[in-house]
Amino acid sequence: MPVAPAPAVRPLPDLSHEMSCAAPVCGVDEVGRGPWAGPVVAAAVILDVTAIPAGLDDSKRLPAARRAALHDELIVSARWGVGIASVAEIDEINILQASFLAMRRALAALGTPPAVALIDGKHLPPGLPCEGRAIVGGDGRALSIAAASVIAKVTRDRMMTELARDFPGYGWESNMGYGTRAHQSGLARLGITPHHRRSFRPIHNILCGKNS
């Protein structure tokens, strides 16, 4: 009887992209493009290669407790900055441009610009203060981008948990502003808050009295 092949082991991100660049190299990632509520948050991280936390990976592949532990290690060992674009800015300039704005703010928060910024995704934000390289799936390929994904994700999750205390009933402490059933139920019962993105179709449709 034939033996089924063993499942492929997914490699962890490494430093190969960073090593191909002039130092210092910064990884940049954002979190929060898809939710119906809350800001978009980006992080920029320059790793200390002598103090990289074990098991560092794309934040989406990590359980919440592990993300939080890695975040706490990274903010001590790495040089990092966080940038935020508000709901008002998302509605004014659109979510893609707001994501770029948050990335530029994260880089500015580093103080001295890096030589190269490795950006997760296929687009480079305009107006970078340094050379930029876009890497599709970068949070699963480059360790500095993985680190940025962790810091951005934990930062935004904590912000949404705080907002959930002020605006209970939408489930933001667990759905982080995404359009889950709990969030939809909250909108039906409680209406739209100042933290909802009015330019997003589901929220816009509610404001216009449409069903979908």
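These legends go with several close-up views of the predicted model shown above. Residues are numbered from 1 along each chain as its sequence is written, and side-chain values use heavy atoms, with hydrogens and water left out. Because this is a predicted model, local features need pLDDT of at least 70 and side-chain atom pairs count only at pLDDT 80 or more, while totals for chains, interfaces and linings use all residues.

**View 1. The largest pocket, with E30, V31, G32, K60 and D139 closest to its centre.** About 280 Å³ of space lies here. A pocket is an open set of points on a 1 Å grid over the protein atoms alone, where a 1.4 Å probe fits, with protein on both sides within 12 Å along at least five of seven lines; lining residues have an atom within 4 Å of a point. Grid points are joined across faces, edges and corners, and the volume is the space filled by probe spheres set on them. The lining of this pocket has 13 residues, made up of eight charged, three polar and two nonpolar. Here Asp, Glu, Lys and Arg count as charged, Ala, Val, Leu, Ile, Met, Phe, Trp, Tyr, Cys and Pro as nonpolar, and the others, Gly among them, as polar. Strand β1 (25-31) and helix α5 (143-166) each supply at least two lining residues, and β1 gives the most, with three. Helices (H or I, at least four residues) and strands (E, at least two) are DSSP runs, numbered from the N terminus.

**View 2. D139 and the residues around it.** Look for D139 in the loop between β5 (131-135) and α5. D139 is buried, at a relative accessible area of 7%; buried means under 20%, exposed over 50% and partly exposed in between (1.4 Å probe, protein chains only). Leaving aside residues up to four places away in sequence, D139 touches P13, D29, D57, D58, K60, D120, I145, A146 and S149, where contact means heavy atoms within 4.5 Å. D58 is 81 residues from D139 along the chain, yet their C-alpha atoms are separated by 4.9 Å.

View 3. You will find P24 in the loop between α1 (16-19) and β1.

**View 4. Helix α2 (residues 64-77) and its buried side.** The 14 residues of α2 reach 20 Å from first C-alpha to last, close to the 20 Å expected at 1.5 Å a residue (1.5 Å times one less than the number of residues). R67, L70, H71 and L74 are the buried residues of α2. They cover an arc of only 110° around the axis, so they sit on the same side of α2; the arc is that of the directions from the helix axis to the C-beta atoms. Strand β3 (79-85) and α5 are included in what covers them. The face turned away carries the exposed residues A65 and V76.

**View 5. N94, a residue other than glycine with a positive phi.** Phi of N94 is near 85°. N94 sits in the loop between α3 (87-93) and α4 (95-108), and is partly exposed, at 41% relative accessibility.
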